[in-house]
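I opened the notebook to record what I looked up in this model. The entries follow the order of my searches.

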Amino acid sequence: MLSSNGGTVKNNEPPQSSRKLQRGAVSSAREEAGVSQGEISGLSRWNLLPWRFQNDILNAMIVHSWTVNLREEGLLLLEAVNLRIPAAPRGFLGQLARKQRILLNGAPASGDNPVKPGDILSLRPSSRINELIAESRLAPAQILYEDGECMVLDKPAGLMTHPAGGHADDLLTRLKNYLGLRNETFQVGPIHRLDIGTSGPILYGKGRSSISALGKMLMAGELRKDYLALVSGHPPPHGVLDSTVPGHGKDKASLTRYRRLATGSGHTLLALELITGRRHQIRRQLADAGWPIDGDRRYRGAYLPGLLHPFLHCYRLAFRLPGDGRRVEITSPLPSTLRVQLSDLGIDQHAILAATQEIPHPNPQ
């Protein structure tokens, strides 16, 4: 989801036609495997299927959809798809278009059809597409925003923002490899960071000038970051966390605003606005307040089955472009693994939807 003019362009679910294509692909893979719908519905029977057929069926269920952004404005459909999947040969993408395997706003489209920001591009599922996306190092939907000055990427939990000792993979290295496939050689650098266990958008500057200007914006406190956290306990409906957090050998004043969104089974979903940007600020302040983040072992967070990292997600990033001052607002949907945790705790699905799309800013004023 992205905003280029103060409004928000939503990356909606694939249209009805895409879901029909998905069901058809699953059916084809199932028929090739020689199993019935009833057989697949039972987990024990599924486990008896040969691995190759399991893999084919799972691949057939993956539909890749994404929203066209400013960087792709005016490009032809094949050019826009190739920009998102740079490892894909142009000839192969041309074949996909001729076979009506590329959808524009839910309908097959010609490869020379122009695209505009807000359009939804989708690819019919196939194992070859999945291989080319893996070779590209970034999934198409992972690019939440891009223009001539910057990019915003969706970082999954478990991945470092940039290279660090003891970690073989990181998002910055993936981005550099991705840009290399696009034959783009400008310098790129992260403007801020997220902890390895935190998911959400990361802003990257393109070129030294943009990196410098965006870095100054961060230092001036003009980069807004809003988070979702699931904590143990029952915080008040809204409030401010005003305390000191250790950093670089001394305690530093730290400020976080929060708002309660929903509760369930002794846990509370909070929306938080990070005012200052200290290392581990939200994690430490919530723990000090008596509401540690679930899954955060470092700060004594509660254990939840299946949760392998802190339940902390940056869901909104807002800033102004250094060139023309235009405001950009990016939203990142709550990962499915975290949505499952909320469901298991009995937190209402409407609250989950509100938390990932339309919740007010945490500022209680």
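**Ground rules.** I call a residue buried under 20% relative accessible area, exposed over 50%, and partly exposed in between (1.4 Å probe, protein chains only). The model is predicted, so I kept its limits in view: local features need pLDDT of at least 70, side-chain atom pairs count only at pLDDT 80 or more, and totals for chains, interfaces and linings use all residues. Residues are numbered from 1 along each chain as its sequence is written, and side-chain values use heavy atoms, with hydrogens and water left out.

**Entry 1: cysteines.** I began with Cys 314, which is buried at 0% relative accessibility. Cys 150 is also buried, at 0%. I then searched the whole structure for disulfides (a pair of cysteine sulfur atoms within 2.5 Å) and found 0.

**Entry 2: totals.** The protein has 365 residues, and 50% of them count as buried. I counted 12 helices and 14 strands. These are DSSP runs numbered from the N terminus, helices being H or I of at least four residues and strands being E of at least two. The accessible surface comes to about 17,100 Å², with 50% of it on carbon and sulfur atoms. That area is from the Shrake-Rupley method with a 1.4 Å probe; for residues, only the protein chains shown count as cover. Next I took contacts, meaning heavy atoms within 4.5 Å. Of those between residues at least 6 apart in sequence, 62% join residues at least 24 apart.

**Entry 3: nonpolar cores.** My criterion was a set of buried Ala, Val, Leu, Ile, Met, Phe, Trp, Tyr and Cys residues joined through side-chain atoms within 4.5 Å. The largest such core has 42 residues. Leu 175, Leu 286 and Phe 311 have the most contacts inside it. Another core, of 23 residues, lies apart from it and includes Trp 66, Leu 78, Leu 83 and Phe 92. I also listed the neighbors of Leu 175. Leaving out residues up to four places away in sequence, Leu 175 touches Leu 138, Met 151, Leu 153, Val 188 and Tyr 204.

**Entry 4: helix H5.** How many residues of H5 are buried? I got 7 of the 8, so H5 is largely enclosed by the rest of the structure. The buried ones are Leu 77, Leu 78, Ala 80, Val 81, Asn 82, Leu 83 and Arg 84. They pack against strands S1 (64-67), S2 (102-104), S4 (120-123) and S5 (143-146). They also pack against helices H6 (90-98) and H8 (171-181).

Asn 82 counts as buried because its relative accessibility is 16%. A polar atom of its side chain lies 3.0 Å from the backbone oxygen of Ala 88. Beyond four places in sequence, Asn 82 touches Ala 88, Arg 90 and Leu 93.

**Entry 5: salt bridges.** I required a side-chain nitrogen of Lys or Arg within 4 Å of a carboxyl oxygen of Asp or Glu. The structure holds 21 of them.

The side chains of Arg 182 and Glu 184 meet at 2.9 Å, N to O. Arg 182 is buried at 11%, and Glu 184 is buried at 16%. Which residues join them in a network? Salt bridges with shared partners link Arg 71, Glu 146, Arg 182, Glu 184 and Lys 206.

I then moved to helix H7 (residues 127-136). Glu 131 and Arg 128 form a salt bridge at 3.3 Å, N to O. They are 3 residues apart in H7, so about one helical turn separates them. Glu 135 also forms a salt bridge with Arg 128, the closest N and O atoms being 4.0 Å apart. Glu 131 is partly exposed at 42%, Arg 128 at 34% and Glu 135 at 44%.

**Entry 6: His 313.** Is His 313 buried or exposed? Its relative accessible area is 1%, so His 313 is buried. His 313 lies in strand S13 (residues 312-320). Its side chain makes a 2.7 Å polar contact with that of Ser 199. For a polar contact I took N or O pairs within 3.5 Å; within protein, one must be able to donate a hydrogen and the other to accept it, and residues adjacent in sequence count only if both atoms are side-chain atoms.

The C-alpha atoms of His 313 and Tyr 227 are separated by 5.4 Å, though the residues are 86 apart along the chain. Leaving out residues up to four places away in sequence, His 313 touches residues including Thr 198, Gly 200, Asp 226, Ser 332 and Leu 338.
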